[in-house]
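Please find some notes on this model below. They take the contact between the chains, then the fold and the cores.

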Amino acid sequence: MKKLIITLSIIAMLGVIFPGLPILAQPDQLRHENPDTTTGSLYEAGLLLSYSDIINLATESQYRSAQDILDELEHADLPDEIQYIIDQYSYLFEHLFTTLDNIEALLDKASGLLANNRINEVQSLLDHALAEIDDAYTLLEDIEVATDILTDKLGVFTISATSQLTQAHTRLEISLERINDLVSRLNSLNQNLARQYVQKTKLSPTELSLSIDPMAAYVGESISASGRLSSNGNPVMGGKMSLYLDSNPVATVYSGSDGTYSTSIMLPHIYRETMTFTTVYEPSGNYASFYLASDSPPATITTKFYPTLLEVSSLTRLYRGLPFTVSGEVNSNNDNIIRNIMVFLDDRKLAEQMASGQFSLEIIPPEKIPPGPRELIVAVSPLDRYSGATVQQSVTISIVPINFDVQTPSIVLLPGDIQVSGKVYNQLGPIKNAPVNCNFRKSSTTVKTSGDGSFTVSLKAPLDLLLVGPQEISIDVIPLESWSATSTITRQVFTINPLNTSLALFILVALWLVIRRRNQALKYTEEQIPPSEMVEIPFTIPLRVPQPKLTGIKGQVLSAYRGVTAAIEKITGVIMSPDITLREFLKMACLPSPAATDRFTELTSITETTLYSAYSPLKDTATRAQRLAVNIKEELISGTS
Amino acid sequence: MELRRFLFIIAAVMIIALILAAWFLPSNDDYRLDNPFWNGIKNIKDEYEVQPLVSLASLPSSPTRATLLLIPYLSSIPTELDHLNRFVSQGGRLIIADDYGHGNEILAHLGLEARFSGQALLDPLVNYKNERFPRIIHLQPDPLTDNINDLVLNHATSLLNVSDTSVLAMSSPFSFLDYNGDRTREANEPTGPLPVISRHELGKGEVILISDPSIFINSMDTIADNEGLIQNIADTASVLYVDQSHLISSELYRTRNWLQQARDILSTPIWTAGLVLAAIVAALIPIWYKKKKPTVEN
């Protein structure tokens, strides 16, 4: 029975603890999986759909976007047997998109030139476009073959192909048809432009001249531009022309009845040594049906301005939030001119000041800027004839580390106060008014540093379950200044909790005493019994004594005797086993006093008589036995009767 | 009497065994700092100085440059939302890493327009092993993405209503949001590039959104440059707090919590004094019992 209970208990315990815990500890409905155990798979339909999307972008002339997405396929996680085919497939598309982009660019340019009656470059552009179109057709044929190989490798036509894969293949085929159509359209456009070119060659050519006066001027000054528009030596009247500075139009003029034109323009505030002007004639309206376009020869003039010299001095290591000074001198042709000075950190403007000659700006770097290398730029804005100037300097944004001098006691008695003192500083000096947070177990105290960076903290260490051992005090300093780093240090202290330690010792000693006393009691009992008798009496295994039902006078006597023997067994440890006679037990009992021994001898005699006599005992005998029993018990317990 | 004593001993042994198991068995709860298994974030605790937070009320009053990593798998009460608002507005950096949790409640309270889409972000091509692990290769230059070439997410989602200037990382053009869970890109399902990490300035502080908290788990930090992201977060934070109060708890974790609370209560001066008194009484009982034993037995 006991074994069964033990077995069932152990099974129940194991059943509760081990199989249940992982289930109990695993919340459901969380969306992630172990990457080490997950399996990889290729989504074939997704691959084909991606190519279809890329081709669709190309058919909308978004070649750059299509190319970018194609480049990203290099990052695709593909099986090796597919990877090579995909690389070749992508390579073909890459070439096709580049070719199509070139064709469109060439045809656009040719179309634009033809629209403005500029035919000089058109023929070569169209020839170039035609060669590219031939290349595109060749690439399309290669792509068709590669598509068949890829779809075959992906198992599009196998029985096991999913409907998704089949649909994706269909979409890819449609996309390929669309790009074939695109190449055909471009080919048609090329042929159309070639026909326009032939028509334009029949128009009259024009000539255009340009002269600038004066040939040298300050920026902001007015200059005059003039010239003549003619066709085969005859003036062209009312022709609309544009005057360009480099590639930017600066004026529009019309030719007069003699074909001449004239205009004045202000020299823009561009601070460089020369500027080049050109006049362009592009016939429009009715003129477009008669004349070809023409450009004047370029006219270059010398530009004059006052250069600005800028000298800057600044620190190369800056701390975020900590002010620093940028000083220097701006010199504008030795003129006493007030200039606008701006300071940037990378692209962010930090300060601006109007100054003449020497200047000095106090600047606060942004508090949120991450540490690292930056560019400090000081710029002087241009002003009329005075050019601008820029000085760029590499700086490093840093955070100042914190240094600690901390004193903590080496031994701490609990409960009690722990005195922590110290000083906080960095390379710029002591850190003032900074919150210092000291933590010891669950106790925390915050103070602020004084003017010299010093602090003193009295940490309350309350009574808790600690005994003895090393513990950690952590000290956090969070400076108010953003240029200082937040810092934490820890110190070990040896803690002693006298109360808990004493208690633990007391409990251990008490346990030891109890165990020792029990052992001594057992030993005392063993010593009281003669060794010879100990061998004879198997008292270590007490047997269950049969309990006959005792009634009548005889029962009263036996009951009294049994009460006394039970008391003797408890006090002396001598057990009355079934094989011991009443007299033998009387001898073995060794009662503590002679009076008790006499009474127990009399009680034993009465009991023997009651048990073995042929006559029933009298009422008085039973009363006597009961009185003797009471006296013996009292004697055994208190030593008095 | 003997059977009763035996059953008492068995019950006591079982209770002690359960307590020891709850106390010493390592946690396997998701995103727990003390979970050393694949789904925990103990590596972060081991490699960086992090402060676990069991209550948002413990956030510092002056949080300048402090960072809080929050995985909101449980809803936040209004008081907690106020704590978060105060933390950010006073200069703290709040990193909300969420996919299918309660991050949008926090964003709404903070007054940000950005949201977590809550739909599965799949990438059938640019991925790690399969489409549920999208590889992120579009990263904007930022202190958080410094020295990172690619990241790998694990059952992620994407961000919505994020401006181009706020985006720090985007998925590949092949990725898409799987609205209907059929793992196939449909015409109505948004395709990549989709934002997965963004930065939003708020008050004196800022909010960083990461559309997958699993990027921080132990089994993911060695994949791609995921560890670099954690490193950058730690490097740019004066103090890194990791919230543990909005994670789903298992029974094992709850039991351990109760035990810890019990220990904490017993560690208070009053309870410790009571415990000391009880121990003294318990130690004296056998002595007192021994002296009185004959009378009792009599």
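How many residues of chain B are in contact with chain A? The count is 62 residues of chain B, against 53 residues of chain A. Contact means C-beta atoms, placed from the backbone, within 7 Å.

1. Basis. This is a predicted model: local features need pLDDT of at least 70, side-chain atom pairs count only at pLDDT 80 or more, and totals for chains, interfaces and linings use all residues. Residues are numbered from 1 along each chain as its sequence is written, with chains lettered from A and ligands numbered from 1 in the order in which they are written.

2. Interface. On chain B, the elements giving two or more residues to the side that touches chain A are α1 (2-24), β6 (127-128), β7 (130-136), α6 (251-266) and α7 (269-297). The largest share, 10 residues, is from α7(B). Helices (H or I, at least four residues) and strands (E, at least two) are DSSP runs, numbered from the N terminus.

3. Fold of chain B. Chain B has 7 helices and 15 strands. Of its contacts between residues at least 6 apart in sequence, 71% join residues at least 24 apart. Buried residues (20 or more other C-beta atoms within 10 Å of their own, C-beta atoms placed from the backbone) make up 45% of the 298 residues.

4. Cores. A nonpolar core is a set of buried Ala, Val, Leu, Ile, Met, Phe, Trp, Tyr and Cys residues joined through C-beta atoms within 7 Å. The largest has 66 residues; L68(B), L94(B), I95(B), L151(B) and V196(B) have the most contacts inside it. Leaving out residues up to four places away in sequence, L94(B) touches L68(B), L70(B), L84(B), F87(B), V88(B), G205(B) and V207(B). A second, separate core of 57 residues includes A66(A), I69(A), L126(A) and A136(A).

Key: Contact = placed C-beta atoms within 7 Å. Buried ≥ 20, exposed ≤ 12 C-beta atoms within 10 Å, placed from the backbone.
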